Every structure is written in structure tokens, then in C-alpha cells.
Amino acid sequence: MEMDIAAMSMNLSYSNVQNSLSVSMLKKSMDAVEETMEGFIKMIDSMPSPDGRGNLLNVRV
């Protein structure tokens with residue numbers, strides 16, 4: 001019985017660490033995607049129109 005409780009406690013701790021790591025990696029991934037999208041928006045926002053009358057596309061919401 002005591003061994004079962006100890007094993008369960010270790011498994012719960014291991015699962016908690018795995019979940020924390022997964023959330024941390026997901027946050028870093030989302031931050032990287034957000035930075036990439038901001039770069040795309042800046043690039044698209046600065047594109048001139050083909051007829052020379054202003055910007056081609058307004059992507060700001």
C-alpha cells in the first residue's frame with residue numbers, strides 16, 4: 001500500500017513536470033509565430049501599389 005502511494009505520487013509529479021514543459025514549449029512556439037506574423041504584416045503594409053497611388057493592402061484591423 002505504501003509503495004503504491006509513493007509510486008502514484010511520483011507519477012503525478014512526473015506528469016506535472018511534463019505538462020509544465022508542454023505549456024512552456026507551446027507558449028514559446030506561439031510567441032515565435034506571433035513575431036513572424038508581425039514581420040509579414042510590416043512587409044505587406046509597406047508594399048507599394050502597382051499604380052503608385054498608395055499602399056497595396058491595408059492589413060491592420
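Please keep in mind throughout that the model is predicted.

Let me begin with the overall architecture. The secondary structure of this chain consists of 1 helix and 0 strands. The chain has 61 residues, of which 3% are buried.

I turn now to charged contacts. How many salt bridges does the chain hold? The count is 1 salt bridge. It joins the side chains of Lys 27 and Asp 31, with a distance of 3.2 Å from N to O. Both residues lie in helix α1, which covers residues 2-45, and because they are 4 residues apart, about one helical turn separates them.

My last topic is the nonpolar surface. Which residues form a nonpolar patch there? The patch is made of Val 33, Met 37, Phe 40 and Met 43, and together they present about 380 Å² of accessible area. Among these residues, Met 43 belongs to helix α1. With a relative accessibility of 48%, Met 43 is classed as partly exposed.

Notes: Residues are numbered from 1 along each chain as its sequence is written. This is a predicted model: local features need pLDDT of at least 70, side-chain atom pairs count only at pLDDT 80 or more; totals for chains, interfaces and linings use all residues. Side-chain values use heavy atoms; hydrogens and water are left out. Helices (H or I, at least four residues) and strands (E, at least two) are DSSP runs, numbered from the N terminus. Buried means under 20% relative accessible area, exposed over 50%, partly exposed in between (1.4 Å probe, protein chains only). A salt bridge is a side-chain nitrogen of Lys or Arg within 4 Å of a carboxyl oxygen of Asp or Glu. Patches are made of residues with over 30% relative accessible area and no salt bridge: like charges are joined within 9 Å, nonpolar side chains (Val, Leu, Ile, Met, Phe, Trp, Tyr) within 5 Å. Accessible areas come from the Shrake-Rupley method with a 1.4 Å probe; for residues, only the protein chains shown count as cover.
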